[in-house]
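Reader: I'd like to go through this model with you. Can we start with the terms and then move to the details?

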Amino acid sequence: MAVELAPAESQALQVLTIVALAPLVSGFTAHVEARLQGRRGPRVLQVYYDLAKLFSKETLVPEDAGWVFVAGPIVAFACYLLVPLLIPVLTDFPLPLGYMGDIMGGGFILGLAGFSVALAAAETNAPYAQLGGSRAMTFGALIEPSILFVTFTVAIITGTDLPYFQAAASRASVAAALRPAHLLAVLAFFLVVLNDTARIPVESPASTTEFGMIDEGRTLEHSGPLFAVLRWGSSMKQLILYVILINVFTAPWGLAGSERIGSVLLAIPIFIGKAMAVGVIFAVIDNSFSKLRLFKITEFMAAAFLIAMLAVLVSILGGG
Amino acid sequence: MLAAVARPTTFRDVADALTLLVLLTEFAMLRSSLPRSQVRLYAFQSLAVTALAALVAARHGLGDLYVIAALTLVLKVVLVPWIILRVLRDAGTEVAGSHRLGVATMVLIALAVSIFGFFTIGSMPFHSSSLPTPALGLSVAEILVAFMIVVLRADVVSQAAGFFSLENGVSVVSLVVASGLPLVVETAFLFDLVVAVVVFGILMRVHHRRTDTLSTGVLDRLRG
Amino acid sequence: MSWVLVVLLAAPLVSVVVCAVLPNRAAQGATLVAGLLCFSLSIVLVGHPSSTALSGWLMVDPLSTVFVVPTAFLYFTTAIFSVGYVHPAGDEVARARYLRRFWVGFNVFAWAMLMAPIVNGLPLLWVAVEITTVVSALLVALEHTPGATEAAWKYVLIASMGLGIALVATVVMYYAGSAVLGSGLELFYSRMLPAAGRFPPQITELAFVLAVLGFGTKMGLVPVHTWLPDAHSEAPTPVSALLSGALLAICFYAILRYYEITERAVGAAFPREVLLAFGLASLVLAALVVAVQRDVKRLLAYSSVEHMGVLCIGMSFAAPLAVVGVLLHVLAHAAAKGTAFFGSGSVVRKFGSKDVASLRAGIVFLPWSGPMLVLAVLALSAMPPFGIFRSEFLIVAGGLRSPADAAAAVLVALVTLAAFGLTWYVGRTMMSPASLGTTSSEADGSPEPPPWPWGGLPAAESEAVLATAVVTVPRAQGEQERPSPTRGEPSPWIVAAMILGLAALVVLGIHPPAALGTLLHRAAAQLEVGR
């Protein structure tokens with residue numbers, strides 16, 4: 001008889017997976033991207049080394065920065081710890097705390113994280129950090145309608161907006177997953193993820209020009225452990241968005257169907273494999289397109305909104 | 001809502017996807033800045049319409065529609081784009097970005113307009129026997145976006161392409177609600193389109209000869 | 001009588017072939033013969049207005065005959081006018097090319113317009129109207145001026161978009177029809193009309209609104225009229241005459257076909273309201289613009305918008321009398337607008353300018369076409385004894401008997417206003433001899449307000465001033481000093497065409513033939529079912 005995990009343990013394992021393996025996925029993506037560009041690139045585990053190095057350094061706080069500067073990254077990290085409780089990372093059945101919030105709730109928590117990072121950036125009085133913070137909030141607000149409409153679409157199709165049930169509905173039939181409304185919603189959400197993970201065409205992840213920075217710009221003034229928390233948090237955020245993209249919308253297969261320890265543990269490598277596959281796709285996109293000029297980013301947002309809106313239309317009148 | 005009850009089928013999904021493709025191409029035409037790529041998008045859109053016609057023909061066993069699909073393929077996918085591309089090549093000038101407004105604004109306006117069309121038609125008691133009924137709303141939305149292209153773009157090629165794609169939208173409308181139109185009538189429509197395309201081509205050439213540009217910015221003499 | 005229909009459509013086509021291969025003389029001759037033949041055949045149709053041909057694809061009934069007659073009439077008279085008018089400049093090759101293009105295009109245009117009322121069924125009607133669009137757009141672009149290029153592009157684009165909507169209307173009407181009659185429907189009127197009572201009402205209404213919007217674009221209904229003044233003023237004058245006199249009527253015919261079906265399906269109240277809205281908008285705008293227009297051909301174009309508004313409002317009155325008036329108005333407007341354009345063409349040929357100011361002293365230098373242009377403009381302003389007076393009288397009389405009194409009152413007021421503007425301007429410029437100052441300033445297009453109409457010289461004095469007026473004939477801007485024109489007509493053909501037009505107007509105004517009266521009543525009865 002196999003050992004069964006208590007629901008709470010599964011839930012903790014979900015959070016742990018995200019926390020522990022997010023740097024791996026980020027590092028892998030960066031590695032693949034470098035390979036695609038013909039470079040040798042950083043090692044897959046480089047992000048872990050970076051984090052370790054940063055944690056061993058001292059923290060420098062700008063002179064006139066207050067407690068928000070310190071609290072911001074930590075609040076954000078806490079938020080990223082919270083979201084994996086709500087979404088199907090490893091199991092295909094809802095865990096007890098999964099009922100705490102629907103997909104909107106998850107969105108709000110992610111929003112709070114972004115907000116606190118931006119506040120911390122504003123606290124520094126450094127122009128580039130503030131610029132990054134305000135840009136991130138602006139574009140975040142612009143992409144928000146697309147997120148809403150994607151959620152509506154999926155909610156209309158599946159009749160619920162709890163991530164676990166949406167995943168179940170997507171899993172129920174391949175035909176249902178291939179319906180135009182669903183495909184459009186996935187496409188729109190894909191664009192949203194591109195934006196939220198600061199990838200090309202919105203932002204160049206390896207960029208060093210401060211003028212073009214959005215998300216990266218916010219963290220310029222942080223150092224040492226605080227910066228490590230921020231970087232860790234942002235790779236967790238990326239993985240969380242991958243989870244939603246994969247396990248809620250596109251490929252909710254390979255999740256643990258029961259609480260047996262073997263199947264839950266098996267779900268971890270399967271999930272990481274899928275996340276890495278998505279990372280490869282993102283790396284390819286990074287290499288195939290060029291970054292949009294800052295003022296053209298609204299066009300990108302408009303495209304995402306258009307697709308999300310069409311998805312709602314089709315699902316409302318078409319049932320499909 | 002009401003349609004959520006209907007069981008989706010593969011035919012339905014493919015048809016919906018094709019209609020959506022027609023609409024999305026229309027939006028792409030609205031935002032694409034080079035007339036050349038616009039014409040290519042038009043050819044692609046016509047291909048989607050062809051596929052849709054063939055799909056309906058196969059599903060309902062309508063022999064006439066195969067003929068229409070074949071004619072559409074020859075005329076709209078090959079001939080019409082060829083004519084316009086030739087005009088463009090002979091003109092030798094390129095108008096890049098003839099948008100009257102910012103792209104994001106244009107897309108949002110067109111989106112609002114198309115949603116209006118979608119729901120207006122949705123409230124009408126249409127019931128299609130050949131295609132999923134929402135395809136009607138989508139194609140009407142496409143027609144309205146084509147209108148926006150003509151209104152919001154300021155060069156002759158984009159405006160002409162807008163008109164041709166409007167005709168594509170009408171083709172989809174007729175597939176949805178009038179798939180039984182007699183062959184002779186459908187053929188008359190198609191040949192009329194070709195005549196119109198030729199005339200558009202001639203007038204584009206005339207325009208280019210007189211004004212040395214493809215932009216319509218110079219067309220502001222006649223007022224009142 | 002089915003051979004009449006076939007010949008009506010074959011004659012212009014034969015003429016097209018002749019024009020394409022033979023030199024100018026033969027082209028003129030062939031067009032004149034074809035025009036005369038078509039007009040005679042249309043007269044034949046007046047007596048026997050119901051027949052079909054080609055297994056039902058061609059058909060006339062009283063309603064379509066009412067529209068065949070003015071089209072054929074204008075085909076004939078405009079052919080006469082063109083023989084005198086079309087003398088392009090340039091070297092031998094360019095002239096020959098221009099003439100060939102003009103005559104071929106002219107005949108194809110006339111053919112398509114004759115086809116529209118003769119073909120049976122809404123789809124073919126749409127096809128015919130679309131052919132008129134593309135052919136006439138090419139004809140508009142025939143003049144080698146920037147204005148013509150601009151007008152042609154606007155025209156073909158806006159009209160094609162409108163016809164795109166009309167095509168949707170056709171498809172939607174097919175849907176309404178197939179809901180009752182099953183699929184594979186040719187949309188023949190004879191099958192649609194008896195079944196129309198069972199058409200789904202909401203969808204028929206949608207089709208009607210789309211049709212009014214779509215064909216209304218080509219008919220020049222406000223707010224989708226924007227291309228019309230440009231195209232009508234920049235086209236070669238014979239084309240303007242056909243565009244204004246015949247093509248607008250053809251598009252009105254298309255709307256009436258939808259009206260016929262719609263009133264059977266949902267009752268007449270709904271289509272009437274739609275037509276009233278469009279008609280009032282057209283009338284208001286045209287009446288206001290006519291009063292400030294400076295280009296004589298644009299003036300006539302806006303007058304067309306006004307008259308199309310009158311047609312729509314006339315249809316909106318719930319009165320058989322008004323419908324008879326509307327149909328008579330179609331005939332009278334064709335004759336009057338044709339004649340007016342011929343006259344303005346004569347002026348353009350004579351003075352080389354389209355500015356209203358150049359009409360000044362026109363009456364002096366054009367002994368025949370000058371006065372006849374004034375008469376035609378008076379006719380357009382609904383003065384007795386011309387046909388438009390009778391038709392508008394019928395419309396207003398019908399309107400006053402109907403519940404829609406308010407609209408009738410508005411109509412009367414606006415028509416009076418528009419008539420006043422039209423008569424004032426053309427009359428003033430033609431009748432009063434020019435003084436040096438005003439002529440030059442108006443020829444420059446400066447926004448100086450025109451002198452008060454009665455500020456001109458007394459009639460007795462004007463004779464004396466005529467001699468001096470010779471030197472003050474305006475010139476188009478930037479043009480070389482041209483020799484002062486002498487008194488005389490540019491061509492007898494123009495005069496002949498205008499005489500025919502005025503004769504038709506007088507006949508329609510004083511005593512329309514009995515057969516025509518019967519025809520109008522039968523056609524009106526066709527439109528009077530859904531009360």
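Author: A crossing of two helices is left-handed if the near helix is turned anticlockwise from the far one by less than a right angle, and right-handed if clockwise. Helices (H or I, at least four residues) and strands (E, at least two) are DSSP runs, numbered from the N terminus.

Reader: Where does the model come from, and how is it numbered?

Author: The model is predicted: local features need pLDDT of at least 70, side-chain atom pairs count only at pLDDT 80 or more, and totals for chains, interfaces and linings use all residues. Residues are numbered from 1 along each chain as its sequence is written, while chains are lettered from A and ligands numbered from 1 in the order in which they are written.

Reader: Which way do α13(C) and α15(C) cross, left-handed or right-handed?

Author: Left-handed. The axes of α13 (residues 320–351) and α15 (residues 369–380) of chain C come within 8 Å and cross at roughly 145°. Axes here are lines fitted to C-alpha atoms, for helices over the stretch in contact, with angles from 0 to 180 degrees between N-to-C directions.

Reader: Which residues meet there?

Author: On the α13(C) side they include Ala336(C), Ala340(C), Gly343(C) and Val347(C), and on the α15(C) side Met372(C), Leu373(C) and Ala376(C) are among them. Contact means that the C-beta atoms of two residues, placed from the backbone, lie within 7 Å.

Reader: And by class?

Author: The contact of α13(C) with α15(C) has 9 nonpolar, 5 polar and 1 charged residues. Ala, Val, Leu, Ile, Met, Phe, Trp, Tyr, Cys and Pro count as nonpolar, Asp, Glu, Lys and Arg as charged, and the others, Gly among them, as polar.

Reader: Zooming out, what is in chain C?

Author: Chain C has 21 helices and 2 strands. Of its 531 residues, 64% count as buried, where buried is 20 or more other C-beta atoms within 10 Å of a residue's own, exposed is 12 or fewer, and partly exposed is in between, with C-beta atoms placed from the backbone.

Reader: Which chains have the most contacts?

Author: Chains B and C, among the 2 pairs that touch. Their contact takes 37 residues from chain C and 34 from chain B. On the chain C side, α6(C) gives the most, with 20 residues, and that side divides into 24 nonpolar, 8 polar and 5 charged. Chains A and C do not touch, and their nearest C-alpha atoms are 19 Å apart.

Reader: How many residues are in the largest nonpolar core?

Author: It has 391, and Ala311(A) and Val172(C) are those with the most contacts inside it. Such a core is a set of buried Ala, Val, Leu, Ile, Met, Phe, Trp, Tyr and Cys residues joined through C-beta atoms within 7 Å. Leaving aside residues up to four places away in sequence, Ala311(A) touches Phe149(A), Ala181(A) and Leu184(A), among others.

Reader: What about positive phi?

Author: Most residues other than glycine have a negative phi. Ser55(C), not a glycine, has a positive phi of about 45° and lies in the loop between β1 (51–53) and β2 (58–60).

Reader: Is Ser55(C) buried or exposed?

Author: Exposed, with 7 other C-beta atoms within 10 Å. Asn125(A), with phi near 65°, counts as partly exposed, with 14 C-beta neighbours inside 10 Å.
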